[in-house]
Amino acid sequence: MYLVRKRVHAFVRVKPTADFAQDMIKFGPDNKSIEICLKKDAKKEAMNSRQTSWSFRMDGVLHNTSQEQLYETVAKKLVSEALIGYNGTIMCYGQTGAGKTYTMMGATADYKHRGIIPRAIQQGENKRVIAEHALNKHSSRSHCIFTIYIESRFRFFSDIKCVNSKINLIDLAGSERQSKSGSEGQLLKEATYINKSLSFLEQVITALADPKRDHIPFRQSKLTYVLKDSLGRNCNTVLVANVCGEAAHVEHTLSSLRFANRMKWVTTEPVLNETYDQEGTVKALEKEIAFLKQELAVHDSLANRSLMTYDPLSHVQIEEIKSQVHRYLKGAIDEIDIVNLRQIREVFRQFKLILRQV
Ligand code: ADP
Ligand code: MG
């Protein structure tokens with residue numbers, strides 16, 4: 001069993017704006033830190049603190065980042081590790097309008113604006129992938145969890161290894177505080193519920209960060225219950241704090257950065273149930289294949305078969321086999337010469353294709 005301690009990776013994405021508060025929000029030169037500066041008199045009371053500048057170190061601060069760059073930085077590795085068996089979770093956190101849904105789903109009208117979910121499914125591509133919604137309703141007032149279940153099969157000679165994993169992609173409900181939103185009635189109820197579930201999420205995260213805690217209160221809310229095998233522990237976990245760059249939103253920005261900062265301290269232990277030395281196995285297999293090709297060449301020359309090749313069939317060869325099969329079915333030829341296994345397989349494949357069309 002392979003065990004590494006990892007921590008949650010936290011990123012900040014700043015929504016592009018023409019009205020960027022450049023005297024309040026500053027980026028570090030390596031794009032891994034972000035500083036919030038407030039003028040002393042202006043916001044002091046509201047912030048309930050004498051501190052006027054806060055600096056946060058993140059795994060990446062993404063501003064003016066395309067959807068593609070964001071995917072590369074935030075999701076790509078997690079998705080490829082999911083394909084070999086590690087569960088993964090990516091969460092977007094932040095106030096309403098800060099770009100959580102844009103980051104997760106993207107703008108559907110333009111292909112290059114597609115977000116993490118469609119890209120992950122595409123990377124997920126030649127394996128068997130089943131996608132499912134849970135706990136959702138597509139609204140900023142509820143959490144949206146998108147789960148991709150992955151079943152990967154690896155074949156080693158007669159050995160087939162099967163790895164099941166999943167990726168949770170979570171567009172969390174807007175994080176704005178109830179007292180600030182001034183909601184009433186049903187809206188207030190919803191806001192309270194959301195604030196509660198986000199604070200339960202935070203409690204779970206804090207508990208996970210403490211190595212001495214053995215009880216993690218996953219059962220406190222539906223959200224944390226759904227995420228019980230997707231946060232910490234057996235998972236690669238990434239948080240994207242979506243923030244707005246305007247001065248008017250700076251308090252929300254600060255609170256989202258604080259949340260991201262707390263998340264960073266959570267260590268996770270991604271566990272892969274089935275594993276082996278991949279690089280070593282590939283090298284050994286390459287050697288074995290080269291040896292078997294030599295062996296085949298010897299057999300061919302002993303049997304006086306020249307010009308045999310065992311490489312994958314070319315497009316031209318496949319077309320030739322297809323035409324042979326068609327000629328055979330029309331009665332134009334009586335038999336199809338058997339050349340090698342690849343050719344036999346292709347012949348059967350062509351028969352199947354024809355049968356399917358009938
Ligand atoms: P949230 O889900 O956090 O409430 P949205 O993702 O719906 O916010 O974003 C609000 C609006 O801003 C949407 O119209 C969205 O297309 C736009 N938007 C958000 N982030 C970006 C971005 N990085 N680049 C361009 N437009 C963005
Ligand atoms: Mg949204």
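Reader: Let's start at ligand 1. How far is its oxygen atom from a polar backbone atom of Tyr102?
Author: The distance is 2.7 Å. A polar contact here is a pair of N or O atoms within 3.5 Å; within protein, one must be able to donate a hydrogen and the other to accept it, and residues adjacent in sequence count only if both atoms are side-chain atoms.

Reader: Before I go on, what am I looking at?
Author: This is a predicted model, where local features need pLDDT of at least 70 and side-chain atom pairs count only at pLDDT 80 or more, while totals for chains, interfaces and linings use all residues. Residues are numbered from 1 along each chain as its sequence is written, chains are lettered from A and ligands numbered from 1 in the order written, and side-chain values use heavy atoms, without hydrogens or water.

Reader: OK. What about Gly99 and Lys15?
Author: A polar backbone atom of Gly99 is 3.0 Å from an oxygen atom of ligand 1. For Lys15, an N or O atom of the side chain is 3.2 Å from a ligand oxygen.

Reader: How much of ligand 1 does the protein bury?
Author: The protein buries 66% of the 560 Å² that ligand 1 exposes when taken alone. Those areas are Shrake-Rupley values with a 1.4 Å probe; for residues, only the protein chains shown count as cover.

Reader: Which elements give two or more residues to the shell?
Author: Strand E3 (9-15) and helix H4 (100-104) do. H4 gives the largest share, 3 residues. Both are DSSP runs, numbered from the N terminus: helices are H or I of at least four residues, strands E of at least two.

Reader: And which residues are around ligand 1?
Author: Among them are Arg13, Pro16, Gln95, Thr96 and Lys100. The cut-off is one heavy atom within 4 Å of the ligand.

Reader: Back to E3. How does E3 pair with E12, parallel or antiparallel?
Author: Parallel, over 7 bridges. Ala10 has Leu239 as its bridge partner in E12. Two strands pair if DSSP finds at least two bridges between them.

Reader: Which other strand pairs with E12 in the parallel sense?
Author: Strand E8 (residues 87-93), again over 7 bridges. There Cys92 is bridged to Val240 of E12.

Reader: Is E12 (residues 235-244) mostly covered or open?
Author: Mostly covered, with 10 of its 10 residues buried. Both faces are covered: one side includes Leu239 and Ala241, the other Val240 and Asn242. Buried means under 20% relative accessible area, exposed over 50%, partly exposed in between (1.4 Å probe, protein chains only).

Reader: New topic. What is the strand order in the open sheet of 3 strands?
Author: E4-E5-E6, with antiparallel pairing. E4 (25-27) and E6 (53-57) are the edge strands with a single partner each, so one side of each has no neighbour in the sheet. E5 (residues 33-37) and E6 share 5 bridges, including Glu35 to Ser55.

Reader: Which helix lies across E5 and E6?
Author: Helix H9 (residues 250-263), at about 40° to E6. Axes are lines fitted to C-alpha atoms, for helices over the stretch in contact (heavy atoms within 4.5 Å), and angles run from 0 to 180 degrees between N-to-C directions.
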